[in-house]
Amino acid sequence: MAETHSLQDLRQQPAVAAKVFLQRDYTHGTMCQFQTKFPSELETRIDKQQFEETVRTLNNLYTEAEKLGSQSLIEGCLACLTAYTVFLCMETHYEKVLKKIAKFIQEQNDKIYAPRGLLLTDPIERGLRVYEAGSQTFQLVTTKSRVPETLYLD
Amino acid sequence: MSAVMITRKVRKWEKLPGKNTFCCDGRVMMARQKGVFYLTLFLIVGTCALFFAFECPYLAIHLSPTIPFFAALLFLFVIAMLLRTSFSDPGVLPRALPEEATFIEMEIEAANGNVPAGQRPPPRIRNVQINNQIVKLKYCYTCKIFRPPRASHCSICDNCVDRFDHHCPWVGNCVGKRNYRYFYLFTTSLSLLTIYIFTFDIVHVVMRSVDNGFLNTLKETPGTVLEVLVCFFTLWSVVGLTGFHTYLISLNQTTNEDIKGSWSGKNRVQNPYSHKNIFKNCCEVLCGPTYPSVLDRRGLMQDDMPVSATPAAPSSSSLSSSNPVPQTTKTTAPLIPNEHTPDDAKPSIADSAEKSPSPREELPPAQKVPPLASPETDAETALAKDKIH
């Protein structure tokens, strides 16, 4: 019902391209994951599989960054022993993966999204809160709700 | 009229909303009230200085030179952890830029549907399921975002902080996701340092008293009395605090959650973030990845960047188009201010609907209206509790 209401809103408004904000997916806890549901505004602009593949790869990269593995353990212990001064000389694992992510988004924009007039914004620029996909030429706010788990009830 | 504009490069920290102070061109980030932090620093440095001046020469000769050596190591570690906790970004969540804020508001209005005039719209809460537990995400009116799980708004710093633990005046900063482990290491190492100094003070006094007598000892090393006093009172508070945080870490809870009783077990709610294993919980909190700051304090402001600090119109930037969307939905949906409208203002809701364009963009007018059992009472009590710490 929420969706049909906003569809009506959409029809009333001038048909202008928009920015879509994909929210975080908290089903597995506070780890950084984005929802892979395909926003309908992008239906005419890009292939659904392609977009979901991008988000899935992004999610995998964030999982790699936040993994509680032996590497992060060793890094943590070493850093603690040196009173965290070791981070003045070396990058943390998370920062290294963030650089990978930035490169990945740049690649995706260059190869896939820019030719279709879209632009993906690196989530780090939005505080890792939302994943933004916007039109390069028009930048306006979209009205579509894309949060399946949302309930606005007491 | 020709003018040569010399534009200074402005870094993003200068335009950040919130009540933080920044030093070293954005490298250091603290709360505004730093008085208690200076006191902490003074007490630690002062007591250690007295220890090195009065006790260490005697103990180094009569017992072992490793005593002042380990004291120095501990002292340096304590100071490093204190400064790291105080100066780092606790995990502040940047406020929503105008487009994102408007997008979220429209989502809310779309979901609420048409609320009949005179009725309060439902509270802004999102329910998400985390590890088979329903968690409510509250909307932050200041930051214009739905707070991620475990985030909370600190009223002292006026920021939403991720995995908010508490605001600690002793370190002059909030304790959140990014600096919690430094805070914990600070309290632990400070406990060890206090115990260390206290023990060796006693040892020193006893050893000297055997030779010279108790009163003479006190006359020769008056600093000892001061140190013992400071250590005695510090011990009770800091060791207690360390114990409390050790307990919280083993359960993967924050101080904020503990105070609010979020996972106290009432109504079968359990902590969805706990791994149900003490070792795993400790590992995650203390040895987990070091999260980067998402604030980008030292980035350079671009001239056309929209500033989220101004709650006013979707900005003067090139990002906003010639027909801002809010205009089309104003007449259909109820607006933010209505949530705070008390019952006796119901007849004037028709008036407020006409005045809709401006209050939509400004929050302060709504906050001036005293809320009557408003949906924000929960958030308000939470904020009040944040303030206590």
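What is the handedness of the crossing of α1(B) and α6(B)? The crossing is left-handed, a term applied where the near helix is turned anticlockwise from the far one by less than a right angle, the clockwise case being right-handed. The structure is a predicted model, in which local features need pLDDT of at least 70 and side-chain atom pairs count only at pLDDT 80 or more, while totals for chains, interfaces and linings use all residues. Residues are numbered from 1 along each chain as its sequence is written, chains are lettered from A and ligands numbered from 1 in the order in which they are written, and side-chain values use heavy atoms, with hydrogens and water left out.

The model has an ipTM of 0.74 and a pTM of 0.75. For chain B, the mean pLDDT (the predictor's confidence in each residue, from 0 to 100) is 78, with 75% of residues at 70 or more. Residues 309-389 of chain B have a pLDDT below 50, and this stretch has 113 contacts (heavy atoms within 4.5 Å) in the model beyond near neighbours in sequence. Chain A has an average pLDDT of 75, and 76% of its residues score at least 70.

Two packed helices are described by the angle between their axes and the distance between the axes. Here helices (H or I, at least four residues) and strands (E, at least two) are DSSP runs numbered from the N terminus; axes are lines fitted to C-alpha atoms, for helices over the stretch in contact, and angles run from 0 to 180 degrees between N-to-C directions. In chain B, the axes of α1(B) (residues 35-62) and α6(B) (residues 223-251) come within 9 Å and cross at roughly 140°. The two helices are therefore oblique to each other, given that angles under 35 degrees count as roughly parallel, over 145 as roughly antiparallel, 65 to 115 as roughly perpendicular and the rest as oblique. Residues of α1(B) in this contact include B:Leu43, B:Phe51 and B:Phe54, and those of α6(B) include B:Leu226 and B:Val230.

α6(B) also packs against α8(B) (residues 278-287), at an angle of about 105° and with the axes 7 Å apart. This angle makes α6(B) roughly perpendicular to α8(B). B:Ile249, B:Ser250 and B:Leu251 of α6(B) make the contact with B:Ile278, B:Asn281, B:Cys282, B:Val285 and B:Leu286 of α8(B).

In chain A, α2(A) (residues 48-65) and α4(A) (residues 93-113) pack at about 170°, with their axes 9 Å apart. α2(A) is thus roughly antiparallel to α4(A). Among the residues that meet are A:Phe51 and A:Leu58 in α2(A) and A:Val97 and A:Phe104 in α4(A).

According to an unreviewed UniProt entry, the annotation "transmembrane region" covers residues 36-54, 60-83, 182-206 and 226-250 of chain B. Residues 36-54 of chain B are 100% helix and 0% strand, with the end C-alpha atoms 27 Å apart. For residues 60-83 of chain B, the corresponding values are 88% helix, 0% strand and 29 Å.

How values were computed
UniProt positions are given in the numbering used here, feature names are shortened, and annotations may be inferred rather than shown by experiment.
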